[in-house]
Amino acid sequence: MKRAFLWLIMLTLVFVSFNNKEAVEISERALVHAVGIDESEEGITVTLQVFKASGAGSDTQIDPSKPNIFVISNTAASFDEAMEKCESQMGKYLFIGHNQIIVLGSQVSLDDPDKLLGYFIKNKDNYLGVSVVMAENTAKEIMEVQLSTGAVASENFTEIIDMYYSNGETVFSDMLHFMNSMKSPGSSAVLPVVSVKQLSTQDQSSQPLSGESEQSGDSSGQQEESSQNNPDSSQNESSSEAEGAENSSQQEGSQSSGGGGSEEGSQIAEQLVTIEESAVIGGGQLKGYINADETKGLNWLTDHMKETVVNTQTDGKQIGVTVKKRSVKNKLVEKDGRLVYKTDIDVIILTDTNILTSFNEDRLKESVSRKIKQDCEAAADKAFYQYGADCFNCSRLIKFYYPQLYLDYSDNFDLLRQIIDFETSVSCYIK
Amino acid sequence: MKKITPVQMVSILICCLFYTLMTYIPPQNDNAVLLLCSKLLTLGIQCVLLIPLIKLYAKTNGKGIIETAFAKSRTAGCAAAVIYLLFSIFILFITIGDFAFFLRYSFASTYSEWSVVLVFSLASVYVASMGVSSGARTAVVTAFITVAGTLLVITGFKGVIDFRALNLAAENRGEMLADGILSSFSRSDELVLLALLLPYLKSKPGKTVYSYIAAKAVLSTVIIIAIAVILGDFAIDTKLPFFALSAYSKNRIFERFDAFFLMFWVMCALIKASVALICISDCFRFLFPKTDKKLWLFLPAFFCGSADIILIMLDKWEVISYKAFSNILIVILVAALPLAVMLFRTRYTRSKTGGTK
């Protein structure tokens, strides 16, 4: 009886599997590693970095000879339509389960993030922890930077973002965090702004890039593959206007990776991906940018700081010290009819004996404390007061500490925002 | 009849609980703190409601509700058997249907609904035919690994976890609390299975029941708080918050636990369905003692599976809220009926040894 049952189940499984016509093979899938979204008068432009199995990928940053991605771009009236075009042109089903990063162009409208990222929310393969960043200009420009290191092309991208975050130089931003921030009253969020810089190895100068990224081969004899010579010519970049006219070109090249060193005597113009500022979004619109120091202040106030370098002046000398967060406590208290966002920051100054003997300990602590406080105040002044964005989760704190107040003013959070003050205290310890 | 230990019984119930928790869809206006409070209040009420069941076990020395009712009269016994039979069939119908629906929806299954229902039903019948002790041994392993997996998921989140995401900013708190209690009751159908499985328990019904209630309180609290604190408002946008939570978790070894939990969700579904089939066959055994047990395993699986396939293929599965009225039935089957049967004067309840010589 037992064996009969087992045979029955096994045969049923075999029959069902044999008859299954809807299975999608791995070779029929296009693995998307990075998605760029731009918006223009023509519609939404989607740029995808897709894994190319024929390329082995590089083990080091100085060997860009084996690119394992290609870039495809399409424009359509909606995001879903643009993705569908990419899928049709590649002749493969898009798989976004390996997507590492979503780059939003600076012109993208953020008034309806559910609609903008609805494709990802609906898709069961999507990883909620995918990084969401904003491009300094267009997302397409960022997508064309081929960081061909490791098995996954855009792995280095997220490593760069994670490193900036670990050093406190940018804000934490993944899809879950971004969607929750945009759902809060005031629809506010802060995104890292990614920009591309070109580093010429011959003159050792760093030049900001504007417009299209440059592509060139290195002296080792590697040649840039053109779209005409590429055997995978079925992948095309196309833009469709309302009338339906299309132009297509393919971009695929032996692009050097960003962020690393270069071979001696090489003429490669390397591209660097940098994050030097953060975009502040309020009311579903891009309000402005905050610089690196203000971003650090924001991280201190929201308890996202782990460790960073603080530049300060002590005894007339400029000094940079590594500062590690010991604890950050913030709460909302009522004081004289106003709400005070009170933050107590305890930090440990990591230094060595050389610095200690050069500077007075108390003055060092005082100057570091003053600098951190300045950064916090600058962040609050610019992001909260000037741009009117609730980047400090004040709404969540009001919901927690004063739920009835939140319910009374949930439809008009701006009124509550006007009675919020910031009070920061910093205590330093030297280790 | 092979008996099962208290640990095995608790494990079976935890598997049934996980199956329900993993496919819980929060309402749009849900508040995590109120949901948690309603959950804990429900468990408190259930602690009281389960007292007659425990007392009945002790008084009849492990005889079940139906057997004790039959000792009173055939009419009472048949009535009790039919009521429990119908509800057990309802549990089986919901279990198979939910399994097929959510598997197809959540995991981009390329298999058709009828194939999923067919294979799942066959597997459930097979496990049920092995007896409750086999399923109970599997349930211990499944429950342990699922709990361990859940704890591992909770450790895999980067970014700041702020417990101040839990708040009481909700309109009509009393109404939401009451709705939460009713809703929690309607998701507690495993208590009816407990009522029918108690005759299989070796000993210590009180400790077993309250151990399960305590485990349910801890697991529900942990999962609700994790979803509220980590997913936040996004939990309402996702269809299945538990799987969204497991998909978001990442540590050095694993990235995304949703595939891991799919396997254990299937195991939990299988255990729940097979236990429901065992309860159904037991009810039929009382009503038709001379018929073959295997017939009563196949027939309910066939009819429930067929009904589920038709409803899912016609896209009617989510149209009717099948569980909306089950809260009252659960209270009746778990508390009222056992209390009534306990008050019967039968040879089991009259004797101090529960009718044994």
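Is B:Leu337 buried or exposed? I looked it up: B:Leu337 is buried, at a relative accessible area of 17%. My cut-offs are under 20% relative accessible area for buried, over 50% for exposed and partly exposed in between, with a 1.4 Å probe and protein chains only.

**Ground rules.** This is a predicted model, where local features need pLDDT of at least 70, side-chain atom pairs count only at pLDDT 80 or more, and totals for chains, interfaces and linings use all residues. Residues are numbered from 1 along each chain as its sequence is written, chains are lettered from A and ligands numbered from 1 in the order in which they are written, and side-chain values use heavy atoms, with hydrogens and water left out.

**Around B:Leu337.** I found B:Leu337 in helix H15 of chain B, residues 326-343. Helices here are DSSP runs of H or I with at least four residues, strands are runs of E with at least two, and both are numbered from the N terminus. Leaving aside neighbours within four places in sequence, I see B:Leu337 in contact (heavy atoms within 4.5 Å) with B:Ile83, B:Tyr84 and B:Ile332. I also checked B:Pro52: its C-alpha is 8.9 Å from that of B:Leu337, though 285 residues separate the two in sequence.

B:Pro52 took me to helix H3 of chain B, residues 51-60, where B:Pro52, B:Leu53, B:Ile54, B:Leu56, B:Tyr57 and B:Thr60 are buried. After H3(B) comes B:Asn61, and I noted its positive phi, near 55 degrees.

**Cores.** Next I looked at nonpolar cores, meaning sets of buried Ala, Val, Leu, Ile, Met, Phe, Trp, Tyr and Cys residues joined through side-chain atoms within 4.5 Å. The largest has 160 residues, and A:Ile37, A:Leu48, A:Phe120, A:Phe178, B:Ile12 and B:Tyr84 have the most contacts inside it. Helix H13 of chain B, residues 258-287, gives the most to this core, with 16 residues. A second, separate core has 43 residues, among them A:Val190, A:Ile345, A:Val368 and A:Cys376.

I followed up on B:Ile12. Beyond its neighbours within four places in sequence, B:Ile12 is in contact with B:Ile4, B:Val132, B:Ala136, B:Ala139, B:Leu197, B:Ile271 and B:Val275.

**The A/B interface.** How much area do chain A and chain B bury between them? I get about 3700 Å², 65% of it on carbon and sulfur atoms. Buried area is the accessible area (1.4 Å probe) that two parts lose on being put together, summed over both. A:Phe5, A:Lys124 and A:Tyr127 supply 17% of the area that chain A buries against chain B, more than any other three residues.

The contact takes 43 residues from chain A and 44 residues from chain B. I counted six residue pairs in polar contact across the interface, both residues at pLDDT 80 or more. A polar contact is a pair of N or O atoms within 3.5 Å; within protein, one must be able to donate a hydrogen and the other to accept it, and residues adjacent in sequence count only if both atoms are side-chain atoms. On the side of chain A that touches chain B, the largest share comes from H1(A), with 10 residues.

**Salt bridges.** For these I want a side-chain nitrogen of Lys or Arg within 4 Å of a carboxyl oxygen of Asp or Glu.

In chain A, A:Asp303 forms a salt bridge with A:Lys325, with 2.8 Å between the closest N and O atoms. A:Asp303 lies in the loop between helix H8 (292-301) and strand E13 (307-314) and A:Lys325 in strand E14, so the pair ties together parts 22 residues apart in sequence. A:Asp303 counts as buried at 19% relative accessibility, while A:Lys325 is partly exposed at 27%. I also noted a network of salt bridges linking A:Asp293, A:Lys371 and A:Asp375.

In chain B, B:Asp189 and B:Lys272 meet in a salt bridge (3.1 Å, N to O). This pair spans 83 residues, from the loop between helix H8 (173-186) and helix H9 (190-197) to helix H13 of chain B. B:Asp189 is buried at 8%, and B:Lys272 is buried at 3%.

Last one: B:Arg285 forms a salt bridge with B:Asp282 at 3.6 Å between the closest N and O atoms. The two are three residues apart in helix H13 of chain B, so about one helical turn separates them. B:Arg285 is partly exposed at 43%, whereas B:Asp282 counts as buried at 13%.
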